[in-house]
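Biologist: I am new to this structure. Could you take me through parts of it, please?
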Amino acid sequence: MKLTVFGATGGIGQEIVRQALASGHQVTAVVRDPARFTVTGADLEVFRADLTDPEALRPAVAGRDAVLSGLGARSRKDAGVTAKLTRRVLAAMEAEAVRRLLVVSASPIGPDPEGATLVDRAMRSVISGILKDVYADLRKMEDELAISGTDWTAVRPPRLQDKPLTGSYRTVVGGFPLKGRFISRADVAHAMLAMTDDPGTVKQGVGVAY
């Protein structure tokens, strides 16, 4: 497939690019600073953009089979950036009639896991309170997806870890794995690539965790 990856210098974004290239896909990596991007490959195009202008992003998405986004706030002070940047990606995709989009969201955006205990719910509530501005931004992003013309999927991981790819994790369409506490960025990338051509995940939030 021909894929475009936004947020390609981030932890999940770089993993998406690496794994996609290893699987034989053609990848366009959209970055603001190419000096921070170390991935190489014969089927890789590095597209420099600052994401301020949807028109400038159109060549990066034109003719692609899918767009995958690792865009997100790096800290609480960046809250608000995810929805804003995703809106520009959506505008470029809709202008080029590219429909498939997968983004990274977070587990508290979705419903409590089926069978969750009071302790589980209390933990989610505490985390949501600490990062309320970040999660408000992600909810706004998902609202933008819902009203767009794209075939979107919002992948909702719990706490992220910098650990190797395992390929062994649980996913729940429209929900979240019970007692899912962690997942590596590499496995989130793996899950996103696996969902790219999965019609069962279209217009859905998908919880993913160990």
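Modeller: Let us begin with a strand pair. Val 173 has Val 206 in β10 as its bridge partner; strands are DSSP runs of E with at least two residues, helices are runs of H or I with at least four, and both are numbered from the N terminus. This is a predicted model, where local features need pLDDT of at least 70, side-chain atom pairs count only at pLDDT 80 or more, and totals for chains, interfaces and linings use all residues. Residues are numbered from 1 along each chain as its sequence is written, and side-chain values use heavy atoms, leaving out hydrogens and water.

Biologist: In which sense do β8 and β10 run?
Modeller: Strand β8 (residues 170–173) and β10 run antiparallel, joined by four bridges.

Biologist: And in which sense does β6 pair with β10?
Modeller: Strand β6 (residues 151–156) pairs with β10 in the parallel sense over four bridges; two strands pair if DSSP finds at least two bridges between them. Ala 154 has Gly 205 in β10 as its bridge partner.

Biologist: How many residues of β10 are buried?
Modeller: Five of the six residues in β10 (residues 204–209) are buried, where buried means under 20% relative accessible area with a 1.4 Å probe, counting protein chains only.

Biologist: Changing topic, where is Gln 19 found?
Modeller: Gln 19 is found in helix α1 (residues 11–22), and is buried at a relative accessible area of 11%.

Biologist: What lies 3.4 Å from a polar atom of its side chain?
Modeller: The backbone nitrogen of His 190 does.

Definitions and conventions. Buried < 20%, exposed > 50% of the residue type's maximum accessible area, 1.4 Å probe, protein only. Polar contact = N/O pair within 3.5 Å; in protein donor to acceptor, adjacent residues only side chain to side chain.
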